[in-house]
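Open the model in your viewer and keep the selection panel at hand.

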Amino acid sequence: MELFQVVILALLQGLTEFLPISSSAHLILPSQLLGWQDQGLAFDVGVHVGTLLAVVIYFRKDLRSMFCAWCASCNGGRSEDASLAWLTILATFPALIVGLLLNDFIDQNLRSILVIAGTTLIFGGVLCWADLFRVETRQLSTLTVKDALYIGCSQALALIPGTSRSGITISTALMLGFERQAAARFSFLLSIPVILGAGLIKGLDLYAQGDSAPWLMVLLGTVIAGISAFSCIHFFLKWLDRIGMQPFVIYRMLLGVFLLAVWFMGR
């Protein structure tokens with residue numbers, strides 16, 4: 001890859017991983033629209049490591065408290081942090097199961113511009129509805145097993161490019177009555193095992209292939225993705241209550257219409 005391609009793809013990964021606009025769609029589109037070659041497994045692993053480090057560093061205090069409480073709960077202790085840790089683990093399972101069963105099918109059949117356009121528009125509409133008709137009466141301390149399963153099952157839909165993992169999980173949490181900040185926080189915490197799992201799978205594939213890679217470019221992509229992801233999380237949470245979800249809804253609608261136009265013109 002050229003240097004400018006590395007910068008653009010790493011920025012796309014870092015900025016879109018946590019915004020409700022679908023990182024997978026934005027990483028697919030350069031090759032679909034501009035004819036760029038696939039960035040390769042090493043680069044994919046690198047940018048996943050960057051975004052993972054960003055969210056872990058940002059929520060380090062929360063994760064430390066959750067981990068300590070989780071360890072204590074294994075010996076019979078109970079606390080809100082322990083409950084949140086267990087429910088985060090539980091909510092990860094639907095995406096894990098669906099990913100293991102359908103990952104190859106999704107890669108082979110659901111990565112087209114038409115599919116991305118459709119999911120961008122449909123789940124943009126879901127996000128719009130969830131934000132406009134939200135109730136916002138609940139904090140994360142009220143999260144239940146049923147809530148975690150609902151949000152976890154919705155996260156499994158994000159394996160389809162264009163859906164947006166953060167978008168669909170935040171939408172579901174809002175529909176369940178959680179405040180915007182609580183919905184976003186749980187979505188970001190839930191991203192950690194998902195990103196880690198995706199990175200490990202890609203890392204094992206990379207190891208099995210044994211191919212050489214432009215490691216300086218991979219390292220650059222990792223750093224750019226990490227810095228941009230950390231900044232994205234910070235400003236998203238800071239501005240969330242002020243701007244809401246509608247700017248992202250508008251962006252998704254414009255992007256979806258543009259992609260449909262590209263698809264129709266290319267037929």
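Predicted model: local features only at pLDDT ≥ 70, side-chain atom pairs only at ≥ 80, totals over all residues.

Select leucine 9, which sits in helix α1; helices here are DSSP runs of H or I with at least four residues, strands are runs of E with at least two, and both are numbered from the N terminus. Leucine 9 is buried, with a relative accessibility of 3%. Buried stands for under 20% relative accessible area, exposed for over 50%, and partly exposed for what lies in between, with a 1.4 Å probe and protein chains only.

Which residues is leucine 9 in contact with, leaving aside its neighbours within four places in sequence? Show Met1, Leu27, Pro30, Trp36, Gln39 and Phe43; contact means heavy atoms within 4.5 Å.

Residues are numbered from 1 along each chain as its sequence is written, and side-chain values use heavy atoms, with hydrogens and water left out.

Stay in helix α1 and select glutamine 5. Glutamine 5 is buried as well, at 13% relative accessibility.

Now zoom out to the whole protein. It has 11 helices and zero strands. The C-alpha trace spans about 55 × 45 × 35 Å along its principal axes. The radius of gyration is 18 Å, which agrees with the value near 18 Å for a compact globule of 267 residues; it is taken over C-alpha atoms, and the globule rule is 2.2 Å times the number of residues to the power 0.38. Of the 267 residues, 46% count as buried. Among contacts with a separation of 6 or more, 82% are between residues 24 or more positions apart.

Next, colour the largest nonpolar core, which has 41 residues. A nonpolar core is a set of buried Ala, Val, Leu, Ile, Met, Phe, Trp, Tyr and Cys residues joined through side-chain atoms within 4.5 Å. Phe18, Phe186, Phe188 and Phe236 touch the most other members. Elements that give two or more residues to this core include α3 (41–58), α5 (80–109) and α9 (180–209). The largest share, nine residues, comes from α9.

Centre on phenylalanine 236. Not counting residues up to four places away in sequence, it touches Leu19, Pro20, Ile170, Ala184, Phe188, Met245 and Phe248. A second, separate core has nine residues, including Ala10, Leu27, Trp36 and Phe43.

The last stops are two serines. Most residues other than glycine have a negative phi. Where is serine 22 found? Look in the loop between α1 (3–16) and α2 (23–34). Its phi is positive, about 80°, although serine 22 is not a glycine, and at 1% relative accessibility serine 22 is buried. Serine 164, in the loop between α7 and α8, has a positive phi of about 85°. Serine 164 is buried too, with a relative accessible area of 3%.
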